[in-house]
Amino acid sequence: MSSYPSQITPAEGERLTEVIKDWALAHGLTVRPPQAVLPTEADPGGILATPVPVTLFPSPFPQVCFDQAIKVQKAYNELYASISQDEAFLTQVVKEIGDSDDFIKELWKVHLRVKEEGYVQHKSLGLFRSDYMIHQDGTGSTPQVKQVEFNTIASSFGGLSSQTSLMHKYLSSTEYPLLKNPIQRGTLQLPENESAVGLAAGIRHAFIKYGPPSTSYRKCVIFLVQGGERNIFDQRHLEYELQKSQDPQIPVFRLLFSEILPHTTIVEGPGRQLLYRPPQLPSHTFEVAVIYMRSGYGPSDYPDQSAWEARYHLERSAAIKCPTVLTQVAGTKKVQQVLATPETPSNPSILPHYISEGSTSIANLANTFTNIYPLDESEAGLRARKIAVDPELCKSYVLKPQREGGGNNIYRSSIPPFLKSIPESHWPSYILMELITPPPVRNTILRNGKLENGGVICELGIYGTCIWDQQSKTILHNEQAGYLLRTKGDQSEEGGVAAGFGCMDSVSLV
């Protein structure tokens, strides 16, 4: 498979482009057009869609690495559910981030306000995604996956990922056998990918765990979204899977983060049920059982104090949140750093605090960690600061802020000048992570109707769904839920597909 995928002729490229464009549009492997393709004013009715950037072929991915990532996901679900229950640890994390990250500070204030009043909903839903890259120390050494990050809020692309897998399976049976260098039908090992089904199943389980409505209204699920969302079809695939459920039937509504307060109310009294009145269906009222957040993960969703009041309004309600503030804070890079900072006699691993000691899960989790350091004034932090400001040593590292979303990382030689440009008191809000060195892979990316051929870097995400009870400290549901493969040209540092750097892909196991 070393020559896979083989070079294609220009005519074959045209043929595959035509087939993929139409397949993507016919199967919802799409986004709203980016500004570079079509200015917003040219589509005022929001009726147009464009194919998502995709690879022409599923990228080769070592079976041993894929199996390693799949096997450890349920342990990761358990770990982050346990961390979300450890308020004392998260308090310390927020304290260490300090005044250098106003967003995390404001988020924590929401939790403290609800805690003072008393939480009425103790169940939490996590739709998680653990992202990895292949790391190989040298030629001939066994490749391993190393974790890039763990997402606890708005873990996207589950809807598009399962469609990408289906597209590559379609091409492998219809188009690849016809190429000049044919790939015979059945020779590629393409694993099943039920990411949309698996994530929807997690929401369905939470809907059931909420119990019967305690008002006279029917229950519903709310997808909390951003205005002008280009990645809407990814979300719609999850909605459609959820609405296939017949027992129970699950009404699903999309609500803009900015419209929480105008369209929802909380029943006064000990239950604090959250009620939603769809603005286009004013004669209907629903009791909200689950809030699935595809927004609220960054400062741009909170332009003013009323946005923070809206988040508080949701947090204090009886709806099951995905995620709660505690789970969102558990997903900060600081937590990942505390888990993954190399163990020393004075700094033992905290994994045994969350996972049963002697369990193989601890070793499996630890094997996925790459070296991550704080930039505080601890022993490890001072060592990391020396690396970060050194013009040579910094070339093996990436600097990451606490929050989610592509486009925020600082790479290699850009680190020293960036740190000089911000107050030193803000340094602790970043972590320094050793870069993972993936083996070289080639592929062709179809983006906005044009082909880009060359070296690529693949990032594997494994989805997990988990429901737990903060009060009884019990896990009620824990499943692995499919995968995502995002691929970018090896000249691009960032990998966010919606951000315009990467593309959708699927794995061909080797």
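Reader: Hi! At what angle do helix 5 and helix 6 pack?

Author: In this predicted model, where local features need pLDDT of at least 70, side-chain atom pairs count only at pLDDT 80 or more and totals for chains, interfaces and linings use all residues, helix 5 (residues 158-174) and helix 6 (residues 195-209) pack at about 150 degrees, with axes 7 Å apart. Axes are lines fitted to C-alpha atoms, for helices over the stretch in contact, and angles run from 0 to 180 degrees between N-to-C directions. Helices (H or I, at least four residues) and strands (E, at least two) are DSSP runs, numbered from the N terminus. Residues are numbered from 1 along each chain as its sequence is written, and side-chain values use heavy atoms, leaving out hydrogens and water.

Reader: Which residues make the contact?

Author: Gly158, Gly159, Ser161 and Ser162 of helix 5 meet Ser195, Ala196 and Leu199 of helix 6, where contact means heavy atoms within 4.5 Å. By class, that contact has two nonpolar, five polar and no charged residues. Here Ala, Val, Leu, Ile, Met, Phe, Trp, Tyr, Cys and Pro count as nonpolar, Asp, Glu, Lys and Arg as charged, and the others, Gly among them, as polar.

Reader: Thanks! And how do helix 4 and helix 9 pack?

Author: Helix 4 (residues 102-117) and helix 9 (residues 305-315) pack at about 40 degrees, with their axes 10 Å apart. The two are therefore oblique to each other; angles under 35 degrees count as roughly parallel, over 145 as roughly antiparallel, 65 to 115 as roughly perpendicular and the rest as oblique.

Reader: What is the make-up of that contact by class?

Author: The contact of helix 4 with helix 9 has six nonpolar, no polar and six charged residues.

Reader: Switching topic: which peptide bonds are cis?

Author: Two to look at: the bond from aspartate 247 to proline 248 is cis, with omega near 5 degrees, and so is the bond from cysteine 322 to proline 323, with omega near 5 degrees.

Reader: Where do those prolines lie?

Author: Proline 248 is in the loop between helix 7 (232-243) and strand 8. Proline 323 is in the loop between strand 12 (320-322) and helix 10 (325-330).

Reader: What about alanine 154, is its phi positive or negative?

Author: Positive: phi of alanine 154 is near 50 degrees, in a residue other than glycine. Alanine 154 sits in the loop between strand 6 (144-151) and helix 5.
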